[in-house]
Amino acid sequence: MTVRKLFLLPGDGIGPEAMNEVRKIISYMNSALSAGFETDEGLVGGCAYDAHGAAISEADMGKAMAADAVLFGAVGGPKWDGVDYDVRPEAGLLRLRKDLELFANLRPAICYPALAASSSLKPELVEGLDILIIRELTGGVYFGEPKTITDLGNGQKRAIDTQVYDTYEIERISAVAFELARTRRNAVCSMEKRNVMKSGVLWNQVVTALHKEKFSDVKLEHMLADAGGMQLVRAPKQFDVIVTDNLFGDMLSDVAAMLTGSLGMLPSASLGAPDGKTGKRKALYEPVHGSAPDIAGKGIANPIAMIASFAMCLRYSFAMVAEAEALEKAIANVLDKGIRTGDIMSEGCSQVGTVEMGDAILSEFQSLMG
Ligand code: NAD
Ligand code: IPM
Ligand code: MN
């Protein structure tokens, strides 16, 4: 039987609550579908800092490196607001992304039909929405050097973050965008700020050249990232695939999340390059939302983003496409039945907690898998 190694990093806040609902699906798939998932678990974020004084231990980094896929919950919270910058909870996530070279972050924003009324936009603007934001994840201002705060000695300090992009980084992320667009509606919109930033000028040039050379069958459009944000809330259905840098992608994907009804709905996949010999790629799957300290421990968090992230894991790491589709269908069916967590609650629906939502999705998944 194929062994599929999963490394679970539930993290802080609602991370562990959401991860528990995925664990149930993994157990079911192992016992009823002989899926062969072998799971191990580690600490990341504030809980890792409390245990070892670092946002992730070397031992857990090693396990993440060796796994077929990492499932990540969420990190952070007010408890760790005062800790040193280098060991803050978020540093654990950034290190995983950087050391595993997970340069391609796929953030789909799909508006399930039953949730069109939960969006902050008019239902007709989001009904049927299906966009894919491809965020560059290992470069840009998140990692560029220098990154410092210096005392200028005159009562002033200077903070520097550096936006850096090399040609190869822009090429590989745009190739992912063009390739995925070909499997969808064949259109890519590249967003940068070439009117202010040199990195935007290069980004635009590299995307344009790669398009001409290898992907001229795909429709390509360029948009300044601020205008792109505006278009996302004005007429989001005009987009198919959006490709953008690390920081713009962070912001635009939170905007896109709200179009779908709640941050609690948005999954993501972070992928590395395929290995030259085995074709396998390193991968981490996580919800777009954070640790939601305001609702942590109350059993009310929406586990759908985490469960949908596991569906992406089935698709991208294990080519279990039928299972991924069934799990996504199970989510849609549960929503169609009017079962809702508080964040997506609307009139006439029944409100449930995290565990009940997980149970409802699992039971729907079980009937779909027969
Ligand atoms: P957040 O995503 O944690 O929460 C924003 C709002 O959305 C909150 O009101 C929260 O209750 C709600 N929300 C988020 N997920 C939800 C869910 N599954 N179900 C229901 N409601 C949900 O963002 P924040 O408050 O800006 O950040 C809190 C902490 O999380 C910070 O420390 C931040 O750095 C961290 N963070 C971590 C990640 C990650 O681990 N990937 C992502 C974003 C933020
Ligand atoms: C995200 C988060 C992270 C980011 C933080 C927690 C480091 O906001 O995954 O969107 O900024 O990338
Ligand atoms: Mn973010």
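Two strands are said to pair here if DSSP finds at least two bridges between them, and helices (H or I, at least four residues) and strands (E, at least two) are DSSP runs numbered from the N terminus. The structure is a predicted model, in which local features need pLDDT of at least 70 and side-chain atom pairs count only at pLDDT 80 or more, while totals for chains, interfaces and linings use all residues. Residues are numbered from 1 along each chain as its sequence is written, and chains are lettered from A and ligands numbered from 1 in the order in which they are written.

Strand S1 (residues 4–11) pairs with strand S3 (residues 69–74) in the parallel sense over five bridges, and within S3 it is Val70 that stands opposite Phe7. S3 is also joined by two bridges to strand S12 (residues 283–287), again running parallel, where Leu284 is the bridge partner of Val70. Six of the six residues of S3 are buried, so this strand is largely enclosed by the rest of the structure; a residue is buried if 20 or more other C-beta atoms, placed from the backbone, lie within 10 Å of its own, exposed if 12 or fewer, and partly exposed in between.

In helix H8 (residues 225–234), the buried residues are Ala225, Gly228 and Leu232. They lie on the same side of H8, because they cover an arc of only 45 degrees around the axis, the arc being that of the directions from the helix axis to the C-beta atoms. The buried residues of H8 pack against strands S8 (187–192), S9 (219–224) and S10 (241–244) and against H9, with contact taken as C-beta atoms, placed from the backbone, within 7 Å. Ala227 and Arg234, on the other side of H8, are exposed.

H8 also holds Asp226, which the UniProt annotation "binding site" (unreviewed entry) covers together with Asp250 and Asp254. Asp226 is partly exposed, with 13 other C-beta atoms within 10 Å, and Asp254, in helix H9 (residues 246–259), counts as partly exposed with 15.

Conventions. UniProt positions renumbered as here; feature names shortened; annotations may be inferred. Contact = placed C-beta atoms within 7 Å.
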